[in-house]
Amino acid sequence: MLVATLIPLWSGAAYLSIALGQGLLEKPEKTIYFARYIDWVVTTPMLLIALAFTAMFFEKKNKTLIISLVFADVFMILTGLIADFSSENIKYIWYLLGVVALFIILYIIWYPLRK
């Protein structure tokens, strides 16, 4: 229940910072909304942990699996942030690494967690 309350509170604060002009960085060629990434790094691991705990409700929690899931998620988000700061050609390398992390997340959810 605490997690279900903290997630929207945290996200609301992050997006409030954007609305107030504090959660963004304006560059001449684009605006980077870094508060989104801060929000995602906090809330999506909490959501994935809640999902993993639900999937493992009747069995022993596999800590390695949960840590792998969270690590891949944070890695995916941070590669997106780095891509946002990167030049036009280099950003696709970071996006590709993020997509690999996404596939790892999907694999963990659809195979080990589903069992």
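Let's start with Leu78, which lies in helix H3; helices here are DSSP runs of H or I with at least four residues, strands are E runs of at least two, and both are numbered from the N terminus. This is a predicted model, where local features need pLDDT of at least 70, side-chain atom pairs count only at pLDDT 80 or more, and totals for chains, interfaces and linings use all residues. Residues are numbered from 1 along each chain as its sequence is written, and side-chain values use heavy atoms, with hydrogens and water left out.

**Leu78**
- With a relative accessibility of 38%, Leu78 counts as partly exposed; buried means under 20% relative accessible area, exposed means over 50%, and partly exposed is in between (1.4 Å probe, protein chains only).
- Leu78 and Thr44 are 34 residues apart along the chain, and 12 Å separates their C-alpha atoms.

**The chain as a whole**
- You'll find four helices and two strands in the chain, and from the N terminus on they run α-β-β-α-α-α.
- The C-alpha atoms fill a box of roughly 55 × 35 × 15 Å, taken along the principal axes.
- Of the 115 residues in the chain, 29% are buried.
- Take the contacts (heavy atoms within 4.5 Å) between residues at least 6 apart in sequence: 59% of them join residues at least 24 apart.

**The largest nonpolar core**
- A nonpolar core is a set of buried Ala, Val, Leu, Ile, Met, Phe, Trp, Tyr and Cys residues joined through side-chain atoms within 4.5 Å.
- The largest one here has 10 residues: Leu48, Ala52, Met56, Leu65, Ile66, Leu69, Ala72, Ile105, Ile108 and Leu113.
- Helices H2 (34–55), H3 (63–85) and H4 (91–110) each supply at least two residues of this core, and H3 gives the most, with four.
- Ala72, one of the core residues, touches Ala101, Ile104 and Ile105, leaving aside residues up to four places away in sequence.

- H3 has 23 residues and should span 33 Å at 1.5 Å a residue, which agrees with its end C-alpha atoms being 33 Å apart; the expected span is 1.5 Å times one less than the number of residues.
- The buried residues of H3 include Asp73, Ile77, Thr79, Gly80, Ala83 and Asp84.
- Among the elements covering the buried residues of H3 are strand E2 (31–32), H2 and H4.
- At the start of H3, a side-chain oxygen of Asn62 comes within 3.2 Å of the backbone nitrogen of Thr64.

**Rings**
- Searching the whole structure turns up five aromatic pairs; rings of Phe, Tyr and Trp (its six-membered ring) pair if their centres lie within 6.5 Å, and planes under 30 degrees apart count as stacked, over 60 as edge-to-face and the rest as tilted.
- Tyr37 and Trp40 make an edge-to-face pair, because their ring centres are 5.3 Å apart and their planes are at 80°.
- These two sit three residues apart in helix H2, so about one helical turn separates Tyr37 and Trp40.
- Tyr37 is buried, at 13% relative accessible area, while Trp40 is partly exposed at 32%.
- Lys61 lies over the face of Phe53, 5.8 Å from the ring centre; a charge sits over a ring if NZ of Lys or CZ of Arg is within 6 Å of the ring centre and within 35 degrees of the ring normal.

**A buried lysine**
- Lys91 has its place in helix H4 and counts as buried, at 15% relative accessibility.
- Lys91 touches Ala83 and Ser86, not counting residues up to four places away in sequence.

Technical notes: A polar contact is a pair of N or O atoms within 3.5 Å; within protein, one must be able to donate a hydrogen and the other to accept it, and residues adjacent in sequence count only if both atoms are side-chain atoms.
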